[in-house]
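Hi,

Here is the structure I promised to pass on. Have a look at it first, and my notes on what turned up are just below.

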2 protein chains.
Amino acid sequence: MPAERPFASLRLEHSSTVDRVAEELRRAVFEGELESGTPLREVALAESLGVSRSTVREALTVLVAEGLAVREPHRGVAVATPQAASVRDVCAARWVLEGAGVRAWQAASSDQRAHVHETLDAYTSAVRAGASYQELNARHLAFHVSLVALVGSPRLVSMAEGLMDELRLALAQVERINRNAHDQAETHTALVRLLDEDDVEAAHRFLRAHLVDAEEEIVHALGLV
Amino acid sequence: MPAERPFASLRLEHSSTVDRVAEELRRAVFEGELESGTPLREVALAESLGVSRSTVREALTVLVAEGLAVREPHRGVAVATPQAASVRDVCAARWVLEGAGVRAWQAASSDQRAHVHETLDAYTSAVRAGASYQELNARHLAFHVSLVALVGSPRLVSMAEGLMDELRLALAQVERINRNAHDQAETHTALVRLLDEDDVEAAHRFLRAHLVDAEEEIVHALGLV
DNA sequence: GTGGCTCATATTGTCTGACAATCAGACATT
DNA sequence: AATGTCTGATTGTCAGACAATATGAGCCAC
């Protein structure tokens, strides 16, 4: 019987100008090129990127929606400045999402569990390969997103991705000055080992401790900036 | 000792034109004036609202970000069509958030617990007063958001608000045809009673059942549309 | 010096008008 | 029926304009 959408797997991304500008700004933020608080002037960006002001405005709206920048009426958009309070909030939220993911381990599909292993492998091999801060952060946080994905809700996943983007911003600001991205490969491997043993309770407690540690470390590092 | 932001609570909303347009579109969607799938043409909206096309575009971007509308490249924005799958996803996500809220009951502040009572009262009195569908939906969902607020994370709250907006869209579409918004005041009162008795476990199970019911009901009603 | 005033400048918020790229539907061709 | 072509509608992006508002400097009074 013929499928009703024979070529459903084919897809080509139609990157709009706005998307490209937003991506470039995101990159600059995560790369630490833009210090937190830096104002993002519309005309200056438009000229330097060779696009119109309207396009820049739309891209800035995206950044603001993602929490990477803040807009104040008639004062413009600036790179967000991570505060201790907002980091704690992000961590509280991620604990809810990731904790739910871990609890869903046994109910999760084998694909979802495999995906956790994949993101862990990607992280640990990046650590071994001595990858850049940005890549380590990205892979580390991707692992945590894969935990949330165990719940099986696309919306929860995109929420988690948004939270991780905010963390990446905070980490980028911290690492501009203090490059202390230490190796956490064993910690995560241990977490997954607990999951593989189906000891969900222990994994849950372990994750809790890990997230609390991460929160304290980021907040502490922020205090030094 | 003087606070560092003495009048932080004061705030006067400088409603921008974009905000007003977005609010008007939101209202029209929740009111059921716009059937799901209705294309939102930029020029037509601009003329009928008396604003420029750029302003309409920015407002539409907001609606799309909120999940109330979908944009397809070069084809424009249309009112989102709630699918069974997306409703189930929203419900899975809200279960994670609201469940975490209920579990946080005992650790929550008295303000937060009082807020749950307030939103419940607002809902039940609206029921008694025979309020409109829209108002009942809004107050009903505001109660559920107040559960999430027990966690104490602003970001989780705004995530929950986003989910509820999507549900309001779905409800508005089913109620365009089938007005079956039945009274759920007792259910919610019972839930809060369990919380007041600090029987968090029972409240958790009760909430679970309530959310499953709600999901099935909405999905079923959607099937009739 | 502090506090308050006016004013010039920069920037945003919004509008108008334009044009190419793309899409949807009708129509013609094979 | 499937394919190619034309036409109109709509979006994506651009350029330029103007009013409202915020920022900062200078100036004045005390």
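Let's begin with the largest nonpolar core, which has 116 residues. The members that touch the most others there are A:Val96, A:Val148, B:Val96 and B:Val148. Keep in mind that this is a predicted model. As a bit of background, nonpolar side chains tend to be buried together in soluble globular proteins.

Next, how the two protein chains relate.

Within chain A, the domain assignment gives domain 1 (12-79) and domain 2 (84-221). Their C-alpha centres are 27 Å apart. Where they touch, domain 1 of chain A puts in 9 residues and domain 2 of chain A puts in 10 residues. The domain 1 side of that contact is made up of 3 nonpolar, 3 polar and 3 charged residues.

Now the DNA. Which residues come nearest to DNA strand D? Out of 16 residues around DNA strand D, they are A:Ser16, A:Thr17, A:Ser52, A:Thr55 and B:Gly76. Helix 1 (17-30) and helix 3 (53-65) of chain A, along with helix 2 (42-49) of chain B, are the elements giving two or more residues to this surface. By class, the surface near DNA strand D has 4 nonpolar, 8 polar and 4 charged residues.

Then turn to DNA strand C, which has 17 residues around it. Here A:Gly76, B:Ser16, B:Thr17, B:Ser52 and B:Thr55 come nearest. At least two residues each come from helix 2 (42-49) of chain A and from helix 1 (17-30) and helix 3 (53-65) of chain B. Helix 3 of chain B gives the largest share of the surface near DNA strand C, with 3 residues. The classes on this surface are 4 nonpolar, 8 polar and 5 charged.

That's what I have for now.

Cheers

Technical notes:
Residues numbered from 1 in each chain as written. Chains lettered and ligands numbered in written order. Predicted model: local features only at pLDDT ≥ 70, side-chain atom pairs only at ≥ 80, totals over all residues. Near = placed C-beta within 6 Å. Helix = DSSP H or I, 4+ residues; strand = E, 2+ residues; numbered from the N terminus. Nonpolar A, V, L, I, M, F, W, Y, C, P; charged D, E, K, R; others polar. Core = buried A, V, L, I, M, F, W, Y, C linked by C-beta atoms within 7 Å. Buried ≥ 20, exposed ≤ 12 C-beta atoms within 10 Å, placed from the backbone. Domains from an automatic or database assignment. Contact = placed C-beta atoms within 7 Å.
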